[in-house]
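Trainee: Could you pick one part of this model and take me through it closely? I'd like the cut-offs spelled out as you go.

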Amino acid sequence: MTRANPRRAGWLANGHERVVRPYALTAGRTRPAGGSIDLVALVSAVGSRTGAELAIEDASELGPEHFRLLRFCRSRASVADLAAELDLPLGVVRILLADLRERGLVSIIQPVAAGLKDVGILKEVADALRRL
């Protein structure tokens with residue numbers, strides 16, 4: 001008999017299925033508001049507002065998962081790390097982070113794409129790789 005993962009114990013009913021479905025956590029939303037959030041984007045709480053200090057109007061619109069995210073955002077973390085730490089699907093974490101971003105509670109630093117503008121360089125690299 002296998003033991004349930006203690007991190008998942010609060011999510012499981014009789015050890016078999018989740019008590020709260022992901023669509024319930026996001027109110028049925030499937031995409032984050034205000035633009036996409038990259039998997040490796042770095043997230044940190046803005047100022048010292050990590051949940052206990054929120055105004056009543058902010059707190060009434062946020063769920064417990066939002067507050068859990070804020071606690072983990074005290075130190076900078078990637079979106080992937082937050083999803084793993086909270087044991088939530090990546091899509092759900094992105095939507096919850098977008099909610100926090102809209103309220104100015106988190107800062108999200110997107111990775112910078114290192115795009116090459118010269119196609120000739122890419123062709124030279126491909127040719128060099130073929131010669132190996």
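Mentor: Ser36 has 61% relative accessibility, so it counts as exposed. Bear in mind that this is a predicted model, where local features need pLDDT of at least 70 and side-chain atom pairs count only at pLDDT 80 or more, while totals for chains, interfaces and linings use all residues. Residues are numbered from 1 along each chain as its sequence is written, and side-chain values use heavy atoms, with hydrogens and water left out.

Ser36 sits in the loop between α1 (22-25) and β3 (42-45); helices (H or I, at least four residues) and strands (E, at least two) are DSSP runs numbered from the N terminus. Leaving aside residues up to four places away in sequence, Ser36 touches Arg101 and Gln110, where contact means heavy atoms within 4.5 Å. Its C-alpha is also 8.1 Å from that of Arg94, 58 residues apart in sequence.

The axes of α4 and α5 come within 9 Å and cross at roughly 110 degrees, and that makes the pair roughly perpendicular. Axes here are lines fitted to C-alpha atoms, for helices over the stretch in contact, with angles from 0 to 180 degrees between N-to-C directions. Under 35 degrees is roughly parallel, over 145 roughly antiparallel, 65 to 115 roughly perpendicular, and the rest oblique.

On to α3 (residues 64-72): it packs on α4 (residues 79-86) at about 120 degrees, axes 11 Å apart, which makes α3 oblique to α4. Arg68, Leu69 and Phe72 in α3 meet Leu82, Glu85 and Leu86 in α4.

Which residues of α4 are buried? Val79, Leu82, Ala83 and Leu86 are. They lie on the same side of α4 because they cover an arc of only 100 degrees around the axis, taken from the directions from the helix axis to the C-beta atoms. The buried residues of α4 pack against β3, α3, β4 (77-78) and α5 (90-102). Just after α4, Asp87 has a positive phi of about 55 degrees.

Conventions. Buried means under 20% relative accessible area, exposed over 50%, partly exposed in between (1.4 Å probe, protein chains only).
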